Structures are given as C-alpha cells and as structure tokens.
Amino acid sequence: MFSPLGCGCPFGEEPTSSQRRYQERKLRLLSFWRDGLERKLAAVNAAMATLEQQMERDQAAAEN
C-alpha cells in the first residue's frame, strides 16, 4: 500500500533503505510460509509412510 505522505519512510531516510526494509520483511514472511508448508509436507510424508507400512503388514497377514 502507498502512504498518503509519500514514500512512508522516516524523515531524512533514503528511499533505498525503505525498500531494503520492505524486502527484508517480505523475505521473513516468505520464510514463515515456507516453514509452515514444510511442516505440512512432513506430516503428509509421515502419513503416507505409515499407510504404506499398514498396507504391507495387512498384505503379509493375508498371505499367511
């Protein structure tokens, strides 16, 4: 969003510094999202591994 008072940077601060802070905030946000997705992916991988083990166990039990 644009600030109604211009660049939104503190008085006397260079616009490049403001852009740098914006990029750092964006990087932190993207890292936060990635961490959440990695946790979800780990949970899905664990669920799939457990299900595969159960299927193998059930198949072995059915053969005996």
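Asp 58 and Arg 57 form a salt bridge, with 3.8 Å between the closest N and O atoms; the term denotes a side-chain nitrogen of Lys or Arg within 4 Å of a carboxyl oxygen of Asp or Glu. The model is predicted, so local features need pLDDT of at least 70 and side-chain atom pairs count only at pLDDT 80 or more, while totals for chains, interfaces and linings use all residues. Residues are numbered from 1 along each chain as its sequence is written, and side-chain values use heavy atoms, with hydrogens and water left out.

The protein chain has 1 helix and 0 strands. Helices (H or I, at least four residues) and strands (E, at least two) are DSSP runs, numbered from the N terminus. Helix α1 spans residues 15-63.

By the salt-bridge rule, the count is 3. Side chains of opposite charge can pair when their charged atoms come close. The pairs are listed here.

| Salt bridge | N to O distance |
|---|---|
| Arg 20 and Glu 24 | 3.1 Å |
| Arg 34 and Glu 38 | 3.9 Å |
| Arg 57 and Asp 58 | 3.8 Å |

Arg 20 and Glu 24 are 4 residues apart in helix α1, which means that about one helical turn separates them. Arg 34 and Glu 38 are likewise 4 residues apart in helix α1, and therefore about one helical turn apart.

Relative accessible area describes how far these side chains are covered: buried means under 20%, exposed over 50%, and partly exposed in between (1.4 Å probe, protein chains only). Glu 24 is partly exposed at 35%. Arg 57 counts as exposed because its value is 54%, whereas Asp 58 is partly exposed at 46%.

A nonpolar surface patch is formed by Leu 29, Leu 30, Phe 32 and Trp 33, with about 430 Å² of accessible area together. Patches take residues with over 30% relative accessible area and no salt bridge, joining like charges within 9 Å and nonpolar side chains (Val, Leu, Ile, Met, Phe, Trp, Tyr) within 5 Å. Trp 33 lies in helix α1 and is partly exposed at 48%.

Across the protein chain, buried residues make up 5% of the 64 residues. The chain exposes about 6200 Å², of which carbon and sulfur atoms supply 61%. Accessible areas come from the Shrake-Rupley method with a 1.4 Å probe; for residues, only the protein chains shown count as cover.
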